[in-house]
Amino acid sequence: MKSSETNIEQVPAGQSKAWNFHPKLPIDMSPIFDLPPKPKASLKWLLGTWLKFSPPVNHLIFALITVYFFMPSPEGMQHFSADWMLKITAILFGSIILLGTALHLYLYVLAGQKMRLKFDVRPMERSSRFTFGHQVWDNVFWSLASGAVSLTLWTILYFYLASNGWTPALDTFGSSPVWFILFFFVLRFWQSFHFYWIHRLVHIPWLFKTVHHLHHRNVNVGPWSGLAMHPVESFFYFSSILIHFVLPTHPLHVFFHMFSLSLGALISHAGFDKLLIRDKETLNAGSFHHQLHHRYFECNYGSEEIPLDRWFGSFHDGTEDATLRIRARKKLLFAPK
Ligand SMILES: [Zn+2]
Ligand SMILES: [Zn+2]
């Protein structure tokens, strides 16, 4: 065991027995919205994740490859026709199948890093509450039949409208370089903001029961759980693309955004904090913030970028105190009126 070399902290005894591994507690949010302002910490947080091969950098690489090697021509996309629509479908389904399979094989089938940095001690489940009685096949099915389908339909709709000049467009980097770069940062916050509100919506009890329940059958999660959503939830989740219908953007932004939503969900549900290859940290993976949501339900609806959960009292920072507070909140929310 060489975890000391990787600068990764294993759980000190007594910190939280609820997990096989968790990051340092209490977990925190981005410092961007802290008061008084913390400019140095904010800049470090904003730029930090762009300096290594981790999300969002890998999403940008996927987007660059797509736009410069596989992108259909704008003229061809002015009409609904099978050739370009199938190409977009193949890109989006292919990327999900490639990454989902690679992560699942490495982490769960080959057990490439065994239990190291795995949040939950439990394996993937066989249970009648899942479609096909098997968590992994259930998750693969819903990720492709619902998640990837919704992603593809929204993306095809966008490119059809954009190619006809019905959405504002940013044709080249040179036409507005500052906005071109700035928009990657805007997208990160937009995605977080949109996700929080969509997620709050599907936690309204009747929507939870009929729609969001499907995603929450995964109390412990794996890569394929990320997009395993009811079609209604998938539709809302990928409606995040609507920002490109009103603000001028480049196809690179659109694919970066769509890969952040799709591949990002596979990675954030990996169930492991980081990917280790030969005991070396290689990629930031699972989100402990969201893993807490899957276990305790009525907390951490958003993500770390915007502290909406902190502002609205639903932030679980991973500590035992927070668990007690969230349980009390849940009782209050679901008490008979
Ligand atoms: Zn989830
Ligand atoms: Zn939820």
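Q: What makes the pair H293 and H199 a polar contact?
A: In this predicted model, the side chains of H293 and H199 approach to 2.9 Å. The limit for a polar contact is 3.5 Å between N or O atoms, so the pair qualifies.

Q: How do you know that H293 is buried or exposed?
A: The relative accessible area of H293 is 0%. Buried means under 20%, so H293 is classed as buried. This residue is placed in helix α10.

Q: Which residues does H293 touch, beyond those up to four places away in sequence?
A: H293 touches H199, H203, H212, H216, C299, N300 and Y301. A contact requires heavy atoms within 4.5 Å.

Q: What makes the phi of N300 worth noting?
A: Most residues other than glycine have a negative phi. N300 is not a glycine, yet its phi is positive, near 45°. N300 is found in the loop between α10 and α11, and its relative accessibility of 0% places it under the 20% limit, so it counts as buried.

Q: Where does D279 lie, and what is its phi?
A: D279 lies in the loop between β1 and β2. Its phi is positive, about 65°, although D279 is not a glycine.

Q: Which atoms are the protein donors of the zinc ion (ligand 1), and what makes them donors?
A: They are the NE2 atoms of H215, H269, H290 and H294, at 2.0 to 2.1 Å from the zinc ion. Along the chain, the donors follow the spacing H-x53-H-x20-H-x3-H.

Q: Why is the arrangement around the zinc ion (ligand 1) called irregular?
A: The four donor atoms subtend angles of 94 to 153°.

Q: What does the pair H215 and H290 tie together?
A: H215 lies in helix α6 and H290 in helix α10, so the pair ties together parts that are 75 residues apart in sequence. Both H215 and H290 are buried.

Q: What makes a set of residues a nonpolar core, and how many residues has the largest nonpolar core?
A: Such a core consists of buried nonpolar residues joined through side-chain atoms within 4.5 Å. The largest one here has 57 residues, and I96, F159, L227 and F255 have the most contacts inside it. Helix α9 gives the most to this core, with 11 residues. A second, separate core has 14 residues, including W19, F21, L25 and L292.

Q: Which peptide bonds are cis, and what omega values do they have?
A: Most peptide bonds are trans. The bond joining L35 and P36 is cis, with omega about -5°; P36 is in the segment before α1. The bond from P55 to P56 is also cis, with omega near 5°, and P56 lies in the loop between α1 and α2.

Q: Which residues does the UniProt annotation "transmembrane region" cover?
A: According to the unreviewed UniProt entry, the annotation covers residues 50–70, 90–109, 139–161, 173–190 and 227–247. In the model, residues 139–161 are 100% helix, and their end C-alpha atoms lie 32 Å apart. Residues 227–247 are 57% helix, with end C-alpha atoms 26 Å apart.

Technical notes: Residues are numbered from 1 along each chain as its sequence is written. Chains are lettered from A and ligands numbered from 1 in the order in which they are written. This is a predicted model: local features need pLDDT of at least 70, side-chain atom pairs count only at pLDDT 80 or more; totals for chains, interfaces and linings use all residues. Side-chain values use heavy atoms; hydrogens and water are left out. Donors are N, O and S atoms within 2.8 Å of the metal (3.2 Å for Na, K and Ca); water is not among the atoms, so sites may look incomplete. Four donors count as tetrahedral if all angles lie between 85 and 135 degrees; four count as square planar and six as octahedral if opposite donors are over 155 degrees apart and all others between 65 and 115; anything else is irregular. Helices (H or I, at least four residues) and strands (E, at least two) are DSSP runs, numbered from the N terminus. Buried means under 20% relative accessible area, exposed over 50%, partly exposed in between (1.4 Å probe, protein chains only). A polar contact is a pair of N or O atoms within 3.5 Å; within protein, one must be able to donate a hydrogen and the other to accept it, and residues adjacent in sequence count only if both atoms are side-chain atoms. UniProt positions are given in the numbering used here, feature names are shortened, and annotations may be inferred rather than shown by experiment.
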